[in-house]
Amino acid sequence: MTHHNLDDDDSNLDATDEATVNDRDAVQAEIEVALEEDASLVPSDQSLPETLQILPLSNRPLFPGLIVPLVYESDQLMAQIRAFAASGNNIIGLLLVADEDGDFSTDNLCEVGVAARVIKAIEIEDHGLHLVVECLERFSVREWVAGRGEGAPEGTIFAKVTYHLATDYSDNIQLRAYTVAIINTIKELLKHNPLYEEELRLFSTRFTVDDPGRLADFAAGLTTADRDELQKVLATIPIFPRMKMVMTLLNRELNVSKVQHKIRDSVEQRVSEQQRKFFLQEQLREIKRELGIEVDPKQELITKLRKRAKKLSFTEEAAAVFEEEINKLESLDPSMPDHAVTRNYLDWLLSVPWGKRARDRYNLARAEQALNRHHAGLEDIKERILEFIAVGARKKELGGSILLFVGAPGVGKTSLGKAIAEAINRPFYRFSVGGMHDEAEIKGHRRTYIGSMPGKFVQALKQVKVSNPVIMIDEVDKIGSGARGDPASALLEALDPEQNSEFLDHYLDVRVDLSQVLFLLTANQLDTIPAPLRDRAEIIRLPGYMASEKEAIARKHLIPRQMKEHAMKRDDMRFTPAAVHHLVEYYAREPGVRQLEQLIKKALRKGAHRLMAGKLTAPITVGVQNLSDFVGKPRFQREPLRREVGLATGLAWTAMGGVTLSLEAAVIHQDRRGLKVTGQLGKVMQESAEIAFSYICSHLQRFGADSAFYDKAWVHLHVPEGAVPKDGPSAGITLATALLSLALDRAPAPLAMTGELTLNGDVLAIGGVREKLLAAKRLGIKEVILPKENAVDVHELPDSVADGLTLHYVARFDEVAKLMFP
């Protein structure tokens with residue numbers, strides 16, 4: 001079953017139909033050809049047959065008075081139409097199927113249709129059978145007739161019908177009013193959709209407006225109403241109800257057309273406005289070019305880039321690359337992707353400060369002022385930096401130097417770097433490599449990658465705009481490596497004074513001189529820094545602050561800065577010296593000052609809240625008595641050293657600074673000899689415990705103990721805080737002291753100690769002396785045992801570190817035993 005009424009709007013087509021659809025102009029041409037071939041085509045008054053062969057319509061019904069083309073592609077229907085043409089009959093019945101998806105049968109056909117005269121029939125290979133029909137009169141089916149007609153193919157449907165011929169209506173005012181309303185609505189439709197003009201012209205040549213029935217049917221055929229509504233119009237025989245229905249459909253069609261017209265006008269207006277602006281801009285640009293006011297944008301870009309290049313002192317290689325890329329840019333159209341890539345590359349190449357340097361300042365007095373302004377305490381470190389600047393002043397050059405600051409978090413490594421940059425009058429740039437896994441972050445990405453860009457060093461030079469800045473690389477002990485390369489190895493080229501004068505960034509692919517840069521590295525510990533990287537740097541250790549230094553930092557720097565950040569004035573809140581001392585002593589014993597600063601922030605927040613809530617009035621004084629109201633209960637308590645059998649106090653170094661360790665020893669049973677160590681000890685510390693056990697067992701008689709004490713003793717050595725990993729050899733004499741205390745059944749003297757022990761009883765030097773002494777002072781320890789070889793290290797420390805401590809230097813464990821068990 002196939003057909004299509006091409007007088008209707010294309011939007012009513014069903015994609016499941018078998019009909020092929022031509023455009024409106026082609027259809028109109030086909031109808032006009034048919035009219036020319038049959039010039040006698042007029043409203044027919046010939047007698048119509050009582051029995052009609054039926055053909056189906058699927059999309060929508062047809063109305064009397066219309067001339068439309070139909071297309072059928074079904075083999076069954078094409079066979080029926082051929083048989084119909086062979087019978088010599090030219091009048092056929094057209095009925096709308098009730099269900100578009102159903103079959104062609106009497107049960108699926110509407111009862112009211114239209115009788116049509118076949119004007120022309122053409123069969124086109126692979127395109128079905130094309131008919132042009134003139135719709136004559138509506139009819140209703142009276143009776144279905146099966147098997148009528150000679151040679152009719154199987155499935156042909158015939159029906160006896162009753163015609164509802166057009167009536168000659170007498171002049172009626174109400175009818176004329178409907179007629180005028182329909183005509184006026186059609187005129188309105190023509191304003192919004194000129195395509196209806198051709199249908200109206202064809203209708204006017206065959207009918208007059210005095211025929212209201214034909215006018216109503218014609219108007220219904222113009223609308224895009226759905227098939228069921230149009231079938232109701234066709235089935236409505238009385239003229240007044242039919243015209244009412246048609247008026248409803250026409251008004252709805254008119255409203256839709258108005259909305260479509262409004263949308264189309266709005267779109268056209270926007271498009272025309274954009275086109276107008278474009279044409280005016282082009283005309284203005286052309287006029288400016290003629291007057292010499294404006295140059296070509298592409299040429300203007302080239303000129304700007306060349307002007308920027310003239311201000312730089314390119315190397316020979318960089319100048320050659322610039323000329324090559326600028327010539328390439330001139331030959332590229334701005335719309336090409338390579339144009340943007342080349343322009344970005346030239347922007348980066350010109351952002352490198354070729355030949356531009358900051359003027360160094362070697363005034364040691366001002367350098368010392370800058371260091372003191374940014375950094376309180378650590379006088380020995382400041383002196384070392386001033387020595388470094390003094391050497392640079394004599395050489396007139398500080399470039400090529402690499403300083404590595406190693407210290408616990410919060411001891412001021414970054415602020416020290418800023419102070420150095422200010423002291424020598426150079427710009428400062430900082431970036432962190434902690435957790436970095438991609439070497440492209442250091443050496444840049446290849447230009448072939450989308451979104452590629454230079455590495456951190458070229459980015460730093462672009463930002464500071466000089467070739468000799470101070471660049472600080474943070475967290476070098478936490479740098480990583482992965483499938484995308486090893487950033488630590490990539491840093492070697494940049495930091496090696498023998499290579500960094502020709503540092504090659506992958507993006508620029510031009511050698512950049514980094515030899516004038518002063519590199520500062522920071523780390524919390526040296527162990528995880530790659531050895532080649534560590535060897536290239538001059539190491540400066542930043543130990544933790546002493547309590548007095550932390551108190552001074554809090555009063556002079558932390559409290560004023562945080563008061564400003566919290567919008568508090570001196571009259572609003574103040575900390576007494578005793579409160580600051582209490583904060584340092586019982587709340588913030590870490591080597592740095594970050595925890596101390598967090599506590600000050602907490603106190604200021606609580607103070608601001610209570611002032612705003614009206615709970616307290618200004619000024620608020622924070623003293624020892626009310627300190628816990630602002631920062632909570634103390635985290636630490638000052639406890640005297642415990643004196644118990646099998647207990648000894650040692651000193652240890654960690655990345656967070658110096659700490660004390662209480663080593664415990666106990667005999668578990670006397671069944672057999674053995675040693676067990678716990679406390680998450682590393683391999684080196686476990687070996688120290690075994691050495692101490694062997695030494696004490698072999699020398700018990702010398703120290704006045706029972707020589708057979710450990711022959712059948714199972715000993716357990718434990719270092720508290722088992723969740724914290726511990727390692728290192730400096731606990732040797734402490735472990736031996738705890739074991740000797742068990743054998744003597746005497747508690748050791750209240751001294752802290754540190755030193756490596758050998759099997760011969762020698763006490764060897766250890767590291768981290770400053771941190772360990774500061775840890776002892778924080779805990780109120782008065783006497784400390786140190787290896788004799790570390791006396792030199794103590795003499796190099798500021799006097800304030802050892803003030804208040806009695807230091808005992810020992811070379812043999814015999815001396816330790818005399819001090820601990822007098």
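**Entry 1. Terms and model**

I take a residue as exposed when its relative accessible area is over 50%, as buried when it is under 20%, and as partly exposed in between. I note that the model is predicted.

Lys310 was my first look-up, and I place it in helix α8. I record Lys310 as exposed because its relative accessibility is 74%.

**Entry 2. Overall composition**

I read 27 helices and 24 strands in the protein. Of its 822 residues, 48% count as buried.

**Entry 3. Charged patches**

I returned to the surroundings of Lys310. Lys310 belongs to a surface patch of positive charge, together with Lys304, Lys307, Lys311, Arg343, Lys356, Lys462 and Lys465. Which helix gives the most to the positive patch? I find that it is helix α8, residues 297–310, with three residues.

I also looked up a surface patch of negative charge, in which Glu317, Glu502, Asp509 and Asp513 gather. I locate Glu502 in the loop between α16 and β10. Glu502 counts as partly exposed because its relative accessibility is 47%.

Pro497 is found in the loop between α16 (487–495) and β10 (503–504). I record Pro497 as partly exposed, with a relative accessible area of 40%.

**Entry 4. Salt bridges**

Side chains of opposite charge can pair when their charged atoms come close. I count 23 salt bridges, taking a side-chain nitrogen of Lys or Arg within 4 Å of a carboxyl oxygen of Asp or Glu.

I first examined Glu50 and Arg142, whose side chains meet in a salt bridge at 2.6 Å, N to O. Glu50 lies in the loop between α1 (24–37) and β1 (51–57) and Arg142 in strand β5 (residues 128–146), so I read the pair as tying together parts 92 residues apart in sequence. Glu50 is partly exposed at 47% relative accessible area, and Arg142 is partly exposed at 44%.

I next examined Arg227 and Glu100, a salt bridge with its closest N and O atoms 3.7 Å apart. Arg227 lies in helix α6 and Glu100 in the loop between β3 (91–96) and β4 (112–124), so this pair ties together parts 127 residues apart in sequence. I record Arg227 as buried at 11% relative accessible area and Glu100 as partly exposed at 27%. Glu100, Arg227 and Asp228 are linked in a network of salt bridges.

I then examined Asp474 and Arg430, whose closest N and O atoms are 2.4 Å apart in a salt bridge. Asp474 lies in strand β9 (residues 470–474) and Arg430 in strand β8 (residues 428–432), so the pair ties together parts 44 residues apart in sequence. Asp474 counts as buried at 4% relative accessibility, whereas Arg430 counts as partly exposed at 41%.

**Entry 5. Two buried residues**

I find Gln231 in helix α6, residues 227–235. Gln231 counts as buried because its relative accessibility is 10%. Beyond four places in sequence, I see Gln231 touching Pro61, Leu96, Cys110 and Val112.

I place Arg242 in helix α7, residues 239–291. Arg242 counts as buried at 5% relative accessibility. With neighbours within four places in sequence left aside, its contacts include Arg138, Asp217 and Thr236.

How values were computed:
Residues numbered from 1 in each chain as written. Predicted model: local features only at pLDDT ≥ 70, side-chain atom pairs only at ≥ 80, totals over all residues. Heavy atoms only, no water. Patch = residues over 30% accessible without salt bridge, like charges linked within 9 Å, V, L, I, M, F, W, Y side chains within 5 Å. Areas by Shrake-Rupley, 256 points an atom, 1.4 Å probe, with all protein chains shown as cover. Lys, Arg positive; Asp, Glu negative; His and termini not counted. Charge placed at Lys NZ, Arg CZ, Asp CG, Glu CD. Helix = DSSP H or I, 4+ residues; strand = E, 2+ residues; numbered from the N terminus. Buried < 20%, exposed > 50% of the residue type's maximum accessible area, 1.4 Å probe, protein only. Contact = heavy atoms within 4.5 Å.
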